[in-house]
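Reader: Please show the chain, and then let me ask what stands behind the terms used for it.

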Amino acid sequence: MTQSSPLEITVIKPHWLKRGLQLIHHNSSVGKIEFTGRIRMDAVATILDERWKITQSGFWKTFLEFRGGGGPFSKIKVAPTFTGKLEWTGSDDKNYLFRKIKWWKNTWAWYDEDQNPVIEIRPDHSLTNKQ
């Protein structure tokens, strides 16, 4: 398994009345998320020339479904567990879990099966719209 260096992506909400998001890396735009529905979490994400459609499905137990144009990850389903955490099984049959790092912090992360953090999400506690 190859070890890669961490990549920091900033999420910015350009206008406080609109639901769209921009993804910024080193002051250049690498993607955007545009919400198509007003109530449900239906969106279209464009990241580095890849287009993903995100839909919220389910009635009693809702889940998010990510559909891409092709490749090995053309369809991904993310569902919450009984305790409210998110669990995802990748195409390599490995399980990933999304949960808080510490109960007193507002920092979240995706963990692999060995409880190693893969992706970490930290808020920016400033008066801007960055995350």
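Author: Leaving aside neighbours within four places in sequence, Ala-43 is in contact with Ile-33, Glu-34, Phe-35, Thr-36, Trp-52, Lys-53 and Ile-54. This is a predicted model, in which local features need pLDDT of at least 70, side-chain atom pairs count only at pLDDT 80 or more, and totals for chains, interfaces and linings use all residues. Residues are numbered from 1 along each chain as its sequence is written, and side-chain values use heavy atoms, with hydrogens and water left out.

Reader: What makes a residue one that Ala-43 is in contact with?

Author: Contact means heavy atoms within 4.5 Å. Trp-52 and Ile-54 are among the residues that Ala-43 contacts in this sense.

Reader: Which residues make up the largest nonpolar core?

Author: The 11 residues are Ile-33, Ala-43, Ala-45, Trp-52, Ile-54, Ile-76, Val-78, Trp-88, Tyr-96, Phe-98 and Trp-110. A nonpolar core is a set of buried Ala, Val, Leu, Ile, Met, Phe, Trp, Tyr and Cys residues joined through side-chain atoms within 4.5 Å. At least two residues of this core come from each of strand 4 (43-47), strand 5 (50-57), strand 7 (75-80) and strand 9.

Reader: Why does Phe-98 count as buried?

Author: Buried means under 20% relative accessible area, exposed over 50%, and partly exposed in between (1.4 Å probe, protein chains only). Phe-98 has 16% relative accessibility, so Phe-98 counts as buried. Trp-110 also counts as buried, because its value is 18%. Buried residues make up 21% of the 131 residues in the chain.

Reader: Why is the aromatic pair of Phe-98 and Trp-110 called tilted?

Author: Rings of Phe, Tyr and Trp (its six-membered ring) pair if their centres lie within 6.5 Å; planes under 30 degrees apart count as stacked, over 60 as edge-to-face and the rest as tilted. The structure holds 1 aromatic pair. Phe-98 lies in strand 9 (residues 95-100) and Trp-110 in strand 10 (residues 108-111), 12 residues apart.

Reader: How do you know that the charged end of Arg-99 sits over the ring of Tyr-111?

Author: The test asks for NZ of Lys or CZ of Arg within 6 Å of the ring centre and within 35 degrees of the ring normal. The charged end of Arg-99 is 4.1 Å from the centre of the Tyr-111 ring, and is listed as sitting over that ring.

Reader: What makes strand 2 and strand 3 a pair?

Author: Two strands pair if DSSP finds at least two bridges between them. Strand 2 and strand 3 (residues 28-35) have 5 bridges, in the antiparallel sense, so they pair.

Methods. Helix = DSSP H or I, 4+ residues; strand = E, 2+ residues; numbered from the N terminus.
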